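Hi,

Here is the structure I promised to send over.

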Amino acid sequence: MIRLGFALLLAGMASGCASLAPQACAPGQQAMLSAELLFGRKIGDRIGVSEADFRRFVDQEVTPRFPDGLTILDATGQYRDNERSKLIREPSKLVLIAMPDEAGNRDKLAAIAEAYKRRFSQQSVGLILKPACASF
């Protein structure tokens, strides 16, 4: 019985990533997927991604994939650099996008992250996905 319960728990967890849409939204709202993209701006130990560089990146890579709108916030991020055993703090950008939960949109998010890593020599781009109810 314990094995069956554990197997059902694992199956539920695995299927939870397939669709993150909430069950029901308030009148006037629709089920959406909320994406948070976290972009660090340091290259090595210096600020390597200027405001103009980031604006060009958004214009060339993000806006064409999500032309209906997005929000960009200035942020400060930090992470542990395990190779140097050091805490790194850096200015960052947080991009918020609300979209239908469709496979094509997830592919677009992955393409944006890969383009940023390639263009600005980044190790990673954070991506957080959450179910949301939205109205615009």
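F57 is a buried residue, with a relative accessibility of 0% (buried means under 20% relative accessible area, exposed over 50% and partly exposed in between, with a 1.4 Å probe and protein chains only). Before going on, please note that this is a predicted model, where local features need pLDDT of at least 70, side-chain atom pairs count only at pLDDT 80 or more, and totals for chains, interfaces and linings use all residues. Residues are numbered from 1 along each chain as its sequence is written, and side-chain values use heavy atoms, leaving out hydrogens and water.

F57 forms an aromatic pair with F120, edge-to-face, at 6.1 Å centre to centre and 65° between the planes. For pairing, I took rings of Phe, Tyr and Trp (its six-membered ring) with centres within 6.5 Å; planes under 30 degrees apart count as stacked, over 60 as edge-to-face and the rest as tilted. This pair links distant parts of the chain, since F57 sits in helix α2 and F120 in helix α3, 63 residues apart. Helices here are DSSP runs (H or I, at least four residues), numbered from the N terminus. F120 is buried as well, at 7% relative accessibility, and Y116 is buried at 0%.

By the pairing rule, the count comes to eight aromatic pairs. F57 and Y116 make one of them, edge-to-face at 5.0 Å centre to centre with 75° between the planes.

Best wishes

How values were computed. Helix = DSSP H or I, 4+ residues; strand = E, 2+ residues; numbered from the N terminus.
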